[in-house]
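Here is a short report on charged side chains and how they pair. Look at the structure first, then read on.

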Amino acid sequence: MRYSEMFLPTGREVPSDAEVISHQLMIRAGMIRKLTSGLYSYLPLGYRVIRKLEQIIREEMNKAGAEEVHLPMVQPAELWQESGRWVHYGKELLRFHDRHDHEYCLGPTHEEVITSLVRNDIKTYRQLPRNLYQIQTKFRDEVRPRFGVMRCREFGMKDAYSFDVDEEGAEKSYEKMFAAYNNIFRRCGLKFRPVEADSGSIGGKYSHEFMVMAESGEDAMVFCEKCSYAANLEKAEVACPEKKRIFEDDWLPLEEINTPDSRTIEEVSAFLKVDPQDIVKTLIFNADGKPYAVLIRGDQEVNEIKVRNYLGAAELELATDEMIMKTTGAPRGFAGPVNIKIPVLLDYSVIDMVNFVTGANKEDYHLKNVNIGRDFNIQAFADFRVVSDQDKCPRCGGDMKFARGIEVGHVFKLGTKYSKAMKAVYLDKDGQEKIMIMGCYGIGIGRTVAAGIEQNYDENGIVWPMPLAPYQVIITPVNVNEKDVMAAAENLYLALKASGLEVIFDDRDERAGVKFKDADLIGIPLRIVVGRKNLEQGKVELKIRKTGENKLYPLQEIAQEIKQIVEQELNPDRL
C-alpha cells in the first residue's frame, strides 16, 4: 500500500481523555476514532489488526472442530426471561421496544440465542457433540466506559458454545477450547497466563481467564513459582491450615468492655491496645434476602465472591443498617457472633484464634476473650478471604507471586444452567430425555488488540508482534525527489509485494525524520530505509522495530532476508 493513498491520520499530541497507553497510541496511530462515549470507529490500520486476530482465531477454532455461525445481535426478551437473566443481568443489558411494543435487548452475550437454536434442531445423541462459534458485535451499557476499546460499550467478541451428552464429553470440549486458546494467544505473540477464575454473570461450575501480562492491567492475579497454579484475585484460594489443638484451660473469662465511638478495626485496636490480628470482624451479608454473619481476622479482607459462591446465592451484598440493627440489635460497627440468631460462617484465618475481640451486638461495646465453641457455635469454616502475599500455594505449598494482567479470554464450564432452564434436551440411546451439558468460550477482539499494545510499546509508539502487525514492512525512501532512490524503493516495494509480504511504501514528500517517527508510532516491525549514500554502495538499511537494531544489507539480498525474518516471527515453532 502506498502511504500517500492511505487513510492514516497520525498525531503527535496525547489525547486528553485517553487514560491508558493503548488508548493513547491507538488514537495517535490512526487506528480508532471516538464516536461517542464507549463507541469507537476502526480506521483501516486498526481494522487490519482486528482482521489479523480474527484470522488466527478462526484457524484455531476450526482446527479444534468448532463451526462458525452468525447470530442476531438483537435478541427477544422471551429468551432471557426463560433463562432467568432478564431481571438478574442488570442495567448493562440495553432493553428496548420495537414498533409493535415487543421487548428486545442488544446482546451482551449469546447463551440464550445459541441454546434456542440448538434445542430446536438437535434431538438425539447422534447429533452431539457440537461446538458452534461466531465473531459478532456485542453491546453492554457500561456505567463508565473507559480505557478506549479496553472497556467500551460496543465491542467485537468471539464466542463459542459447546453441547455434550454428559460431563465426560463436556470436559473434553473444555480441554479442546483451553488448548485452542493457548494456541491463539501464543500465535499472537503475546505473553499470557491462563488463570482460574469466577464465572460471574455467565454462571457455570468452572472457568479460566486468559490474562495478557501487563503492568497497566486492571486485574490482579497470583501464580505459583513452583507449579502451574494461577488464579485471579477473585478466585485465588487460601489453603486450609492444619488446625492446632486448643485447650480449654487457655480460655480467659469473657469480658464486656465499653468502647465509645470505636467502630472500625483501627479505632477498636487503638482503644483496647490490641493488634488487629487479635480482633475478629463480623460482617453481616444479605444473601438473596437472608442475613449471614461472616467472621474474619481483623487484618484480613473478605472476598465477597467466595461468600456468594459458598452460599450459592444469586445476589450478595453487605447488609443495610436496617438489617444489621434487626439482626444484631446494634448499629453498624458493633456486630459479633455471641448470641446472634443467624448462621455464622468463619474464615480459615480465625480457625486457631483464642481469646479474641468481637463486637458485643450492643452499641459502644465489644467483647474480649471470645472463644469458639464456648461462646458461640458456627455453621462452617471455609475460605472467605482475599489472598495475601504471605499465603502459600494451595496446590504445592510454594511461594505465591502477584502480577497484573488484562483479561482477554474466558472459558466456562456451564453445565446445565441454560440447557435446563430453556429445555435443551436430547434422546439418549435408550430413548430417554436428557439435558445437554454446555460450555462457553469468549475472546474480546478489540480488547486483545489493546492488551497487545499495553504489552508492546516504547516511548516512540507501538511495537507490534509480527502476527498482529497491520503491515510487516515499511519502505522509507529518504528523499522522494531523487530518481535513483525512488526507483530502487519502487522496485523493492513491487518485489516484496509479489513475494506475498505486507508492505507500506512511504512515498510521501516529507522529511525523513517525520517518516521515521510515523513508522515507529504505528509500530511496523521492519523498516527498510533507502538512501542515496547507502544505495551508491548497493545497500539499504534494515531497522528492527522491536530491538532497535540497524544493519546494512545488499539491495539484492534484502527481500530474502525480510522473508526469512517474517517467516521466523510468524512460525517460531517450525525452527
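A residue is called buried under 20% relative accessible area, exposed over 50%, and partly exposed in between (1.4 Å probe, protein chains only). Aspartate 321 is partly exposed, with a relative accessible area of 48%. Arginine 332, at 38%, is partly exposed too.

This is a predicted model: local features need pLDDT of at least 70, side-chain atom pairs count only at pLDDT 80 or more, and totals for chains, interfaces and linings use all residues. Residues are numbered from 1 along each chain as its sequence is written, and side-chain values use heavy atoms, leaving out hydrogens and water.

Side chains of opposite charge can pair when their charged atoms come close. In a salt bridge, a side-chain nitrogen of Lys or Arg lies within 4 Å of a carboxyl oxygen of Asp or Glu. The structure holds 43 salt bridges. Among them are these:

| Pair | N to O distance |
|---|---|
| Arginine 119 and glutamate 82 | 2.7 Å |
| Lysine 138 and aspartate 159 | 2.6 Å |
| Aspartate 321 and arginine 332 | 2.8 Å |

Where do aspartate 321 and arginine 332 lie? Aspartate 321 is in helix H9 (residues 321-328), and arginine 332 is in the loop between H9 and strand E17 (344-347), so the pair ties together parts 11 residues apart in sequence. Helices (H or I, at least four residues) and strands (E, at least two) are DSSP runs, numbered from the N terminus.

Are lysine 138 and aspartate 159 buried or exposed? Both are buried. Arginine 119 is buried at 17% relative accessibility, while glutamate 82 is partly exposed at 33%.

A network of salt bridges links Glu142, Arg146, Arg151, Glu218 and Arg447.
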